Every structure is written in structure tokens, then in C-alpha cells.
Amino acid sequence: MLSTTGLLTRITQTPGQCGGRPCIRGMRIRVTDILEMLAENVSVSEILEDFPDLELADIQASLIFAARCTDFPRLTA
């Protein structure tokens, strides 16, 4: 099992590839593609079947990446 830091190394951002959006291991599979499929109730096993180059750790990395991107402090008055 990979650590959180190890999982996040699977997320890459390359200028000129997919508009610089975060992708999985340099492939043209965007993190948002994975997240949208999960949101549409596509099972992890279906995603892995449809994208044979993906691994379970890639899906986990997408979820951790999204969690980190939305983790910001809430300022209160």
C-alpha cells in the first residue's frame, strides 16, 4: 500500500498536455475524468475495465488529490 505522498506522485501536470490539467501518470486520463465517473456512480471495477492502463492506486490518488485541492480553511468573523 502506497502512502498518501506516494499516491500523489501518480498525479502529473505537463504544460501542453490536456491543457495543463492534472493527469494520471503522464497519460491523457485527467483526474477530473476519474472524479466525474465516480460521481456518475461508475464503479471502480468498471473504470479499471474501461481503462486497462489505470491501476487502483491511480483512482485513490485522484481522490486524495481532490481532497487536498478542496481543503482550505474557512474564515469566520
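Okay, let's start at Thr12. Leaving aside neighbours within four places in sequence, Thr12 touches Arg21, Pro22, Cys23, Ile24, Arg25 and Gly26, where contact means heavy atoms within 4.5 Å. This is a predicted model, so local features need pLDDT of at least 70 and side-chain atom pairs count only at pLDDT 80 or more, while totals for chains, interfaces and linings use all residues. Residues are numbered from 1 along each chain as its sequence is written, and side-chain values use heavy atoms, with hydrogens and water left out.

That pLDDT is the predictor's confidence in each residue, from 0 to 100. The protein chain averages 92, and 97% of the residues score at least 70.

Back to Thr12, which sits in strand S1, residues 11-12. Helices (H or I, at least four residues) and strands (E, at least two) are DSSP runs, numbered from the N terminus. A polar atom of the Thr12 side chain lies 2.8 Å from the backbone nitrogen of Gly26.

Now helix H2, residues 31-39, which has the highest mean pLDDT among the elements, 98. Which residues are buried in H2? Val31, Ile34 and Met37. They are on the same side of H2, because they cover an arc of only 135 degrees around the axis, taken from the directions from the helix axis to the C-beta atoms. The buried residues of H2 pack against S1, strand S2 (23-24), helix H3 (44-50) and helix H4 (56-69).

Terms used: Polar contact = N/O pair within 3.5 Å; in protein donor to acceptor, adjacent residues only side chain to side chain. Buried < 20%, exposed > 50% of the residue type's maximum accessible area, 1.4 Å probe, protein only.
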